[in-house]
Amino acid sequence: MELLAAALSAACALDQDGSAGHPSRDPPAAAEESPTAAGTAEGPPPTHPMTADSWRNLIEHIGLLYQEYRDKSTRQEIETRRLQDSQTDPEESSPSEETPPEAEPTNTTENKAPPQISLLRNSNSRFNLWQDLPEIRSSGVLSILKPDEIKLQEAMFELVTSEASYYKSLNLLVSHFMENERLKKILHPSEAHILFSNVLDVMAVSERFLLDLEQRVEENIVISDVCDIVYQHTVNHFSVYITYVSNQTYQERAYKQLLQDKPAFREVISQLELDPKCKGLSFSSFLILPFQRITRLKLLVQNILKKVEEKSDRENTALDAHKELETVVKACNEGVRKMSRTEQMISIQKKLEFKIKSVPIISHSRWLLKQGELQQMNGPKTSRTLRTKKLFREIYLFLFNDLLVICRQIPGDKYQVFDSAPRGLLRVEELEDQGQSLANVFILRLLENADDREASYMLKASSQSEMKRWMISLAPNRRTKFVSFTSRLVDCPQIQCVHPYVAQQPDELSLELADVLNILDKTDDGWIFGERLHDQERGWFPSSMGEEILNPKIRAQNLKECFRVHKSDDSQRRKLGSRNRQ
């Protein structure tokens with residue numbers, strides 16, 4: 001902290017030299033309310049005033065749209081891990097975390113101009129780093145700060161610059177698409193409302209957030225903290241994201257319907273997309289910006305949290321900000337799922353005809369986990385070694401989070417239900433390979449079925465991956481090949497995503513570039529069952545979507561960082577467990 005205080009003092013001197021002649025403005029509310037704002041840091045809390053509209057000029061000069069920024073950032077993260085994974089000693093610094101060169105001697109009398117932070121002005125330049133800013137290099141702070149503090153400064157600076165890029169993209173969505181006069185004439189107000197939802201509220205929140213972040217950067221070129229600002233805005237303003245994201249199902253449907261039913265709409269959108277302002281990006285890529293941003297913001301705070309000093313005020317603030325962001329992200333995800341799940345349950349209910357006592361399918365607390373066709377073995381178990389063409393017959397399973405329904409398909413896209421059981425009363429057992437006819441066979445036991453008795457089914461899947469996917473879905477507490485993150489295993493196979501993947505089935509996991517996952521199980525036909533480290537979400541995905549992390553030290557570091565990020569959650573779980581035992 002002594003070195004940081006010295007750096008703050010050096011930066012303060014630079015700011016004070018160049019601050020004359022500019023009107024000051026009030027500090028943001030977030031900084032006033034937070035106990036960890038810049039004013040409580042060691043050393044004086046320097047401020048660098050700027051004109052009220054100067055931040056707007058910075059936005060106008062930003063070269064990257066958020067889609068481009070996000071893509072560059074995640075791909076850089078992938079390359080960093082590749083380099084670390086290939087190093088014999090992964091603790092050595094990677095090129096993306098360069099040790100800054102010694103500051104060149106400068107004549108302080110020639111450097112009295114106030115810092116003018118240029119946020120991503122040149123889209124053709126390499127990715128902007130805090131340490132590359134002219135005012136940083138000329139201040140001498142790089143020779144004072146420790147490498148870990150420089151990495152932390154980079155992490156905080158990325159959060160600020162990415163928000164500026166995000167705001168620029170939101171502004172383009174509104175000014176270029178939403179407020180286009182031709183588009184306004186084509187769309188009915190109700191259609192426009194579904195398509196753009198509350199994007200104006202989202203943009204206003206981003207603007208306010210960006211103002212407070214930029215003022216923090218201007219206070220001192222060595223950034224004191226940003227997570228206190230993130231915390232305040234998440235608690236007080238970020239609920240607008242939940243409203244926007246929850247509308248996503250209807251938004252996607254409305255957009256597809258408009259493209260199909262209104263040629264004029266399709267023509268105008270195509271013309272607007274061709275405008276150089278959009279840089280070849282589609283209209284739909286602008287519509288999903290808020291969902292991408294709130295998720296990415298949580299990851300940026302995680303990155304900061306991994307770099308702050310342990311047991312420090314900045315760590316506590318980052319943990320608080322991360323917790324609140326996680327609450328918002330979960331609410332966003334739940335909002336999307338709730339809309340689609342309700343419609344899906346209604347559709348399934350209409351297709352079922354009960355041969356047994358009817359079970360009410362639609363429930364607010366029920367959703368589909370997996371559905372599909374399997375082959376059921378005919379006859380007693382002793383006949384399972386017979387090689388007859390009628391050894392198996394088709395059945396169809398609907399597996400919900402709390403219920404299994406076993407059916408046979410009948411004409412008219414209907415399903416006749418002949419058995420069911422609570423999901424908690426299911427057990428599975430894999431059979432040894434007994435030849436091609438009985439490959440990928442497993443036993444499903446219903447401890448208590450629709451007739452209140454135990455029942456067993458010998459089932460055959462179409463492939464090894466399909467068999468494992470059914471077994472894990474039917475019995476989620478069954479031990480997998482590898483142990484999960486929550487087991488606190490010292491080492492576990494890991495993979496990082498190098499190609500994005502959109503889940504096609506309920507038991508699959510959508511992946512974003514640079515996601516890191518523990519491998520819980522894998523199949524010979526190219527599927528992986530994984531647990532994403534940053535949110536512990538589980539699901540299946542093709543192995544071709546990622547690259548396995550081979551360096552055990554890097555895997556251990558990933559787990560250590562993940563434990564640290566989620567230690568507040570662990571503490572809460574321990575408290576709940578203690579109460580339950582009492």
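User: Why does E68 count as partly exposed?

Analyst: In this predicted model, E68 has a relative accessibility of 24%. Buried would need under 20% and exposed over 50%, so E68 counts as partly exposed.

User: What makes the contact between E68 and K279 a salt bridge?

Analyst: The closest N and O atoms of E68 and K279 are 3.5 Å apart. The cut-off is 4 Å between a side-chain nitrogen of Lys or Arg and a carboxyl oxygen of Asp or Glu, so the pair qualifies as a salt bridge. E68 lies in helix α4 (residues 66-86), while K279 sits in the loop between α13 (263-273) and α14 (283-287). They are 211 residues apart, and the pair links distant parts of the chain. K279, at 36% relative accessibility, counts as partly exposed.

User: Why is the pair E343 and R253 called a salt bridge?

Analyst: The N to O distance between the two side chains is 2.5 Å. That is within the 4 Å limit, so E343 and R253 meet the criterion. This pair also links distant parts of the chain: E343 belongs to helix α16 (residues 313-351) and R253 to helix α12 (residues 248-261), 90 residues apart.

User: How do you know whether E343 is buried or exposed, or in between?

Analyst: The relative accessibility of E343 is 31%.

User: What can be said of D507 and R469, and are they buried or exposed?

Analyst: D507 forms a salt bridge with R469, with the closest N and O atoms 2.8 Å apart. D507 is in the loop between β9 (494-497) and β10 (516-522), and R469 is in helix α17 (residues 464-474), 38 residues apart. Both residues are buried, so each has under 20% relative accessible area. Through shared partners, salt bridges join K370, E466, R469, D507 and E508 into one network.

User: How many salt bridges does a search of the whole structure find?

Analyst: The search finds 35.

User: What makes β12 and β13 edge strands?

Analyst: They belong to an open sheet of five strands, ordered β12-β11-β10-β9-β13 with antiparallel pairing. β12 (538-542) and β13 (546-549) each pair on one side only.

User: Why do β9 and β13 count as paired?

Analyst: Four bridges join β9 to β13, which run antiparallel. Pairing needs at least two bridges, so these strands pair. One of the contacts involves Q494, whose bridge partner in β13 is I549.

Methods: Residues numbered from 1 in each chain as written. Predicted model: local features only at pLDDT ≥ 70, side-chain atom pairs only at ≥ 80, totals over all residues. Heavy atoms only, no water. Buried < 20%, exposed > 50% of the residue type's maximum accessible area, 1.4 Å probe, protein only.
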